[in-house]
Each structure stands twice: as structure tokens, then as C-alpha cells.
Amino acid sequence: MNLGQRIMVMGNSGGAGKSTLARRLGEQLNLPVVHGDVLGHQLGWVPFPKDEVEQAFFAAAAQPAWVIEGEYRSCAFEYRLERADTMIFLDINVMVCLYRALKRRVSYSSKARPCKPEGTVEQISWQFLSAVLARRTLKRRKTQILARLAEIEPPKQVFHLKGRRAAKNFLAELEQTP
């Protein structure tokens with residue numbers, strides 16, 4: 001399976017596995033990984049100004065090779081779609097996403113995750129929880145993203161991975177590709 005040199009990883013919710021999938025893709029394909037939260041936030045989860053975030057996404061997507069994870073649809077999203085060879089949408093049950101986020105909070109309670117802004121420890125805020133549990137909002141966002149991805153034409157590739165097993169099988173298939 002040839003995914004090309006520029007891969008976008010998106011998901012239906014926090015905790016969907018975007019960072020993990022991006023990291024694994026980067027390792028398997030020897031591509032640099034760009035984490036949206038690192039571009040979008042600074043220490044303490046304080047957001048950077050929107051224009052700075054957008055410029056950071058433009059700069060990342062202008063590179064010849066990458067795996068960029070995270071939607072940040074208001075920040076160079078169309079440019080990233082235009083540049084990407086492959087788009088992957090992780091469609092994971094929202095309760096699984098919530099479980100993963102809570103598990104992550106416990107696992108990284110006193111240390112930083114490499115895919116997050118430097119010096120920032122994992123936290124679960126009410127804002128995050130309400131976003132994960134806002135099913136109507138998540139459904140609308142997912143519908144919008146999938147509708148946009150449906151417009152993508154070959155040779156670009158779009159993968160809609162429905163559930164944990166599909167994501168796991170996708171990685172297993174990729175590992176077996178010479």
C-alpha cells in the first residue's frame with residue numbers, strides 16, 4: 001500500500017487515536033510527524049493566536065513530506081487537503097474516545113506526551129469532556145469532514161476507518177507492504 005509522502009490524519013473526536021496513528025505511520029514510512037496540538041497550543045494549553053496557528057499549518061504542509069494529525073479546520077485545512085496524498089479519518093465510538101482520554105489522563109498525569117506542547121501535562125477539562133460528549137456537534141463535524149473527503153478524487157486516497165479494529169487492520173496491512 002503506497003500512501004505517498006503527505007498524509008493527513010483526522011478523527012471524529014479527541015481520543016480517537018489520531019496522534020498514535022500518526023506516530024506509527026511516521027515510524028513505518030519514515031516521515032516527519034506534525035501534531036496539530038503542538039502547532040495550536042503553548043504551555044498550559046494556552047492557544048496561540050489563530051493567525052500564527054494558520055501560518056504554522058501552512059508552513060508544515062508546504063514541506064515535501066509529512067504526517068499531519070488533527071483537523072484544525074479553520075487553519076489551512078483546504079491547503080493541507082490540496083497538498084496531501086492520503087487522508088485518513090478515524091471514526092471511533094465516542095465512548096471509546098472518552099475512555100481513551102481518561103486513560104491517557106491517568107497514564108500521563110505527571111509527564112508530558114510527545115505529541116503535545118512542550119511542558120504541558122495531560123489534563124481533562126470540562127470543555128474537553130463536553131466536546132467529546134457533544135454528540136450532535138461531533139456528528140455535524142464528522143458529516144462535514146466526510147462530505148469534503150468524498151469530493152477527493154484519485155490519485156489521492158481517502159481511508160474512512162470505522163472502529164478500532166479497522167484502524168488496527170490498516171496498520172497491520174501497511175506493515176506487511178514491502
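## Basis and overall picture

The structure is a predicted model, in which local features need pLDDT of at least 70 and side-chain atom pairs count only at pLDDT 80 or more, while totals for chains, interfaces and linings use all residues. Residues are numbered from 1 along each chain as its sequence is written, and side-chain values use heavy atoms, with hydrogens and water left out.

The mean pLDDT of the protein chain (the predictor's confidence in each residue, from 0 to 100) is 84, and 79% of the residues reach 70 or more. Among the elements of the chain, the lowest mean pLDDT, 61, belongs to helix H6 (residues 126–133), and the highest, 97, to E5.

The secondary structure comprises eight helices and seven strands; helices (H or I, at least four residues) and strands (E, at least two) are DSSP runs, numbered from the N terminus. Of the 178 residues of the protein chain, 42% count as buried, where buried means under 20% relative accessible area, exposed over 50%, and partly exposed in between (1.4 Å probe, protein chains only). The chain exposes about 9,900 Å², of which carbon and sulfur atoms supply 53%; accessible areas come from the Shrake-Rupley method with a 1.4 Å probe, and for residues only the protein chains shown count as cover. Among contacts (heavy atoms within 4.5 Å) between residues at least 6 apart in sequence, 70% join residues at least 24 apart.

## The nonpolar cores

In soluble globular proteins, nonpolar side chains tend to be buried together. A nonpolar core is taken here as a set of buried Ala, Val, Leu, Ile, Met, Phe, Trp, Tyr and Cys residues joined through side-chain atoms within 4.5 Å. The largest such core has 20 residues, and those with the most contacts inside it are Met8, Met10, Phe57, Ile68, Met87 and Leu149. Two or more residues are given to this core by each of strand E1 (6–11), helix H3 (50–61), strand E5 (66–69), helix H4 (77–83), strand E6 (86–91) and helix H7 (135–150). The largest share, four residues, comes from H3. Leaving out residues up to four places away in sequence, Leu149 touches Met10, Leu81, Met87, Phe89 and Val158. A second, separate core of 19 residues includes Ile7, Ala16, Leu90 and Val96.

Six of the six residues of E6 are buried, so E6 is largely enclosed by the rest of the structure. On one side of E6 the buried residues are Thr86, Ile88 and Leu90, and on the other they are Met87, Phe89 and Asp91, which leaves both faces covered. Strand E5 also has both faces covered, with Trp66 and Ile68 buried on one side and Val67 and Glu69 buried on the other.

The pairings of these strands are collected below; two strands pair if DSSP finds at least two bridges between them.

| Strand pair | Sense | Bridges |
|---|---|---|
| E1 and E6 | parallel | five bridges |
| E6 and E7 (residues 157–162) | parallel | six bridges |
| E1 and E5 | parallel | four bridges |
| E2 and E5 | parallel | three bridges |

Within these pairings, Met8 stands opposite Met87 in E6, and Met87 stands opposite Val158 in E7. For E5, Arg6 stands opposite Trp66, and Val34 stands opposite Ile68.

## Selected polar residues

His35, found in strand E2 (residues 33–35), counts as buried at 13% relative accessibility. The side chain of His35 makes a polar contact of 2.9 Å with the side chain of Glu69; a polar contact is a pair of N or O atoms within 3.5 Å, where within protein one must be able to donate a hydrogen and the other to accept it, and residues adjacent in sequence count only if both atoms are side-chain atoms. His41 has its place in strand E3 (residues 41–42) and is buried, with a relative accessible area of 17%, and a polar contact of 3.3 Å joins the side chains of His41 and Tyr72.

Glu54 lies in helix H3 and counts as partly exposed, at 24% relative accessibility. Leaving aside neighbours within four places in sequence, Glu54 is in contact with Ser74, Cys75 and Ala76. Glu54 and Phe77 are 23 residues apart in sequence and 8.9 Å apart in space, C-alpha to C-alpha.
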